[in-house]
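Student: I've got a model open on my screen and I'd like to talk it through. Can we go over it piece by piece?

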Amino acid sequence: MIDLYYWPTPNGHKITMALEELGLEYRIQPVNIGAGDQFKPEFLAISPNNRMPAIVDNAPADGGPPISIFESGAILLYLAEKTGRLMPHDIRGRVEVVQWLVWQVANLGPMAGQNGHFNVYAPEKVPYAITRYTNETNRLYGVMNKRLSNRAFLAKDFSIADIASYPWIVPHASHGQTLDDFPHLKRWFEVIKARPATIRAYEGVAPSYSSASTMTEEARRILFNQTAASVR
Ligand SMILES: N[C@@H](CCC(=O)N[C@@H](CS)C(=O)NCC(=O)O)C(=O)O
């Protein structure tokens, strides 16, 4: 059994998508990030960066004590390795997947995240920041679109690289993007959206947690005023 520390955000959806794809048994430990659960000492012990998702695998392959993992990319790699799925076994295939996975966590996630912050959540409209992150998101969509122009998925077959990127394309409208400008990305998006595991992650799991995720004043204070003192 895997414990998944989760809230229904793009990074959270990556892991429910993967667990559903892999058919692994898991139970959700909600981390209400708008209420500050990410700063609880027991969560920080698992995820020192005070971000979800994180997992604890209570039955690791080596038969030893539970393994805890933070960072969505590390979790996806761990799950692929545990099951031998969603990741090719040959060195060239693995490199393809790893580089697109790292591309997502180092580029698409952070840039689209800042895009969402300045387009949707920031209390003041900062034109420079909005333009900067909307353009950067647009560029990254272009990179994906080009990559997908001559292949079905980011690597050869559907993999954890696709799972990592999909949830960050879902909010395309609020990030100031239109998928009609990116036909190959749009085709890929529709294919992944229709996968049964994606539907279970978004329509089965997420709604039980979404209602409390409304951005209240208290949630803004918790989420957008963090300093080193927050994790002391
Ligand atoms: N690089 C991290 C990012 C995780 C992340 O930013 N999670 C957000 C929600 S999408 C979070 O937990 N935020 C809580 C906070 O800002 O305190 C990953 O890929 O797992």
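Student: Before we start, what kind of model is this? And where is D57 found?

Tutor: Keep in mind that every value here comes from a model that is predicted. As for D57, look in strand 3.

Student: Is D57 buried or exposed?

Tutor: The cut-off for buried is under 20% relative accessible area. D57 has a relative accessible area of 1%, so it counts as buried.

Student: How many Å separate the C-alpha atoms of I55 and I2?

Tutor: Along the chain, I55 and I2 are 53 residues apart.

Student: Now the backbone. Is the peptide bond from M52 to P53 cis or trans?

Tutor: P53 belongs to the loop between helix 2 (41-44) and strand 3 (54-57). Omega for the bond from M52 to P53 is near 10°, and the bond is cis.

Student: What is phi of E71?

Tutor: E71 lies in the loop between strand 4 (67-70) and helix 3 (72-83), and it's partly exposed, with a relative accessible area of 40%. Its phi is positive even though the residue is something other than glycine. The value is near 80°.

Student: L86 has a positive phi too. Is L86 buried or exposed?

Tutor: You'll find L86 in the loop between helix 3 and helix 4 (91-121). It isn't a glycine, yet its phi is about 65°. With 14% relative accessibility, which is under the 20% cut-off, L86 counts as buried.

Student: On to the ligand. How many residues surround it?

Tutor: The closest are Q38, M52, E71, S72 and Q226. By type, the shell divides into four nonpolar, six polar and three charged residues. The number surrounding the ligand is 13.

Student: Which residue has a side-chain N or O atom 2.8 Å from a nitrogen atom of the ligand?

Tutor: Start with the ligand's oxygens: one oxygen atom is 2.7 Å from a side-chain N or O atom of Q38. Q226 also has a side-chain N or O atom 2.7 Å from an oxygen atom of the ligand. For the nitrogen atom, at 2.8 Å, the residue is E71.

Student: What percentage of the ligand's exposed area does the protein bury?

Tutor: Taken alone, the ligand exposes 510 Å². The space it takes is the largest pocket. Of that 510 Å², the protein buries 83%.

Technical notes. Residues are numbered from 1 along each chain as its sequence is written. This is a predicted model: local features need pLDDT of at least 70, side-chain atom pairs count only at pLDDT 80 or more; totals for chains, interfaces and linings use all residues. Side-chain values use heavy atoms; hydrogens and water are left out. Helices (H or I, at least four residues) and strands (E, at least two) are DSSP runs, numbered from the N terminus. Buried means under 20% relative accessible area, exposed over 50%, partly exposed in between (1.4 Å probe, protein chains only). A residue is near a molecule or strand if one of its heavy atoms lies within 4 Å of it. A polar contact is a pair of N or O atoms within 3.5 Å; within protein, one must be able to donate a hydrogen and the other to accept it, and residues adjacent in sequence count only if both atoms are side-chain atoms. Accessible areas come from the Shrake-Rupley method with a 1.4 Å probe; for residues, only the protein chains shown count as cover. On a 1 Å grid over the protein atoms alone, a cavity is a set of points where a 1.4 Å probe fits but cannot get out, and a pocket is an open set with protein on both sides within 12 Å along at least five of seven lines; lining residues have an atom within 4 Å of a point. A molecule sits in a cavity or pocket if more than half of its atoms lie within 2 Å of its grid points. Ala, Val, Leu, Ile, Met, Phe, Trp, Tyr, Cys and Pro count as nonpolar, Asp, Glu, Lys and Arg as charged, and the others, Gly among them, as polar.
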